[in-house]
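Here's a quick briefing for anyone opening this structure for the first time. Have a look at the sequence and the model, then read on.

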Amino acid sequence: MYIFNRITVNPQLPKRIEKLSEIANNLWWAWNTEFLRLFQKIDKDLWEQSSKNPVKFLKHVSQERLEKVAKDTTFLKEYDKIVENFEGYMNSKNTWFSNKYPSNKNDLIAYFSAEYGLDQTIPIYSGGLRYFIW
């Protein structure tokens, strides 16, 4: 059988919890683990099955489960606190770099290193350093 194309249907986040996607796609969560606990509260089994990867989780969680937690006041209280922390971090003007280099405020900086991992859920495809004894 010839497969012409594939269609992937991702659940749509309810408007009330739509920031889950933005934060899941930002590495901020790698050092803010309280965000990751939200996923466990949404669906503990799926969280384990998705290897605790928030992006993968959001592609597989059921629409019904998302709709349910979007109305859960306990979940929403935690969610709102985390979103507030995330937005505070992203909009912060008082950073080490801005204080040390105020004239470079519009510069973009990227740092890439495959020699260490940010989180166990993010695979590293580096060969690493080789050590040879002759």
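## A first tour

Let's start in a loop: Lys-52 lies between H3 and H4, where helices (H or I, at least four residues) and strands (E, at least two) are DSSP runs, numbered from the N terminus. Keep in mind that this is a predicted model, in which local features need pLDDT of at least 70 and side-chain atom pairs count only at pLDDT 80 or more, while totals for chains, interfaces and linings use all residues. Residues are numbered from 1 along each chain as its sequence is written, and side-chain values use heavy atoms, with hydrogens and water left out.

**The overall picture**

- The protein has 7 helices and 0 strands, and its pattern along the sequence reads α-α-α-α-α-α-α.
- Of the 134 residues in the protein, 25% are buried, meaning under 20% relative accessible area, with exposed being over 50% and partly exposed in between (1.4 Å probe, protein chains only).
- Take the contacts (heavy atoms within 4.5 Å) between residues at least 6 apart in sequence: 60% of them join residues at least 24 apart.

- Lys-52 has a relative accessible area of 33%, so it is partly exposed.
- Ser-51 sits in the loop between H3 and H4 too, and its phi is near 55°, a positive value in a residue other than glycine.
- Ser-51 counts as partly exposed because its relative accessibility is 45%.
- Asn-53 is also found in this loop, between helix H3 (44–49) and helix H4 (54–60).
- Is Asn-53 buried or exposed? Asn-53 counts as buried, because its relative accessibility is 19%.
- A polar atom of the Asn-53 side chain lies 3.2 Å from the backbone nitrogen of Lys-56.

**How H2 and H6 pack**

- Helix H2 (residues 33–42) and helix H6 (residues 73–90) pack at about 155°, their axes 10 Å apart; axes are lines fitted to C-alpha atoms, for helices over the stretch in contact, and angles run from 0 to 180 degrees between N-to-C directions.
- H2 and H6 are therefore roughly antiparallel to each other (angles under 35 degrees count as roughly parallel, over 145 as roughly antiparallel, 65 to 115 as roughly perpendicular and the rest as oblique).
- The crossing of H2 and H6 is left-handed, which is the term if the near helix is turned anticlockwise from the far one by less than a right angle, and right-handed is the term if clockwise.
- Which residues in H2 and H6 meet? From H2 come Glu-34, Phe-35, Leu-38, Lys-41 and Ile-42, and from H6 come Phe-75, Glu-78, Tyr-79, Ile-82 and Asn-85.
- By class, this contact of H2 with H6 has 6 nonpolar, 1 polar and 3 charged residues (Ala, Val, Leu, Ile, Met, Phe, Trp, Tyr, Cys and Pro count as nonpolar, Asp, Glu, Lys and Arg as charged, and the others, Gly among them, as polar).

- Ala-24 is found in helix H1, and it counts as buried because its relative accessibility is 3%.
- Leaving out residues up to four places away in sequence, Ala-24 touches Trp-29, Phe-35, Phe-39, Pro-54, Val-55 and Leu-58.
- Ala-24 and Val-55 are 31 residues apart in sequence, yet 5.7 Å apart in space, C-alpha to C-alpha.
- Val-61 lies in the loop between H4 and helix H5 (63–69), and at 2% relative accessibility Val-61 counts as buried.
- Again leaving out residues up to four places away in sequence, Val-61 touches Pro-11, Ile-42, Leu-46 and Leu-66.
- Val-61 and Asp-43 are 18 residues apart in sequence and 7.6 Å apart in space, C-alpha to C-alpha.

- Asn-32 has its place in the loop between helix H1 (19–24) and H2; with a relative accessible area of 14%, Asn-32 is buried.
- A polar atom of the Asn-32 side chain lies 2.9 Å from the backbone oxygen of Trp-28.
- Ser-98 lies in helix H7 (residues 96–100), and at 23% relative accessibility Ser-98 counts as partly exposed.
- The Ser-98 side chain reaches the backbone nitrogen of Thr-95 at 3.0 Å.

Definitions and conventions
A polar contact is a pair of N or O atoms within 3.5 Å; within protein, one must be able to donate a hydrogen and the other to accept it, and residues adjacent in sequence count only if both atoms are side-chain atoms.
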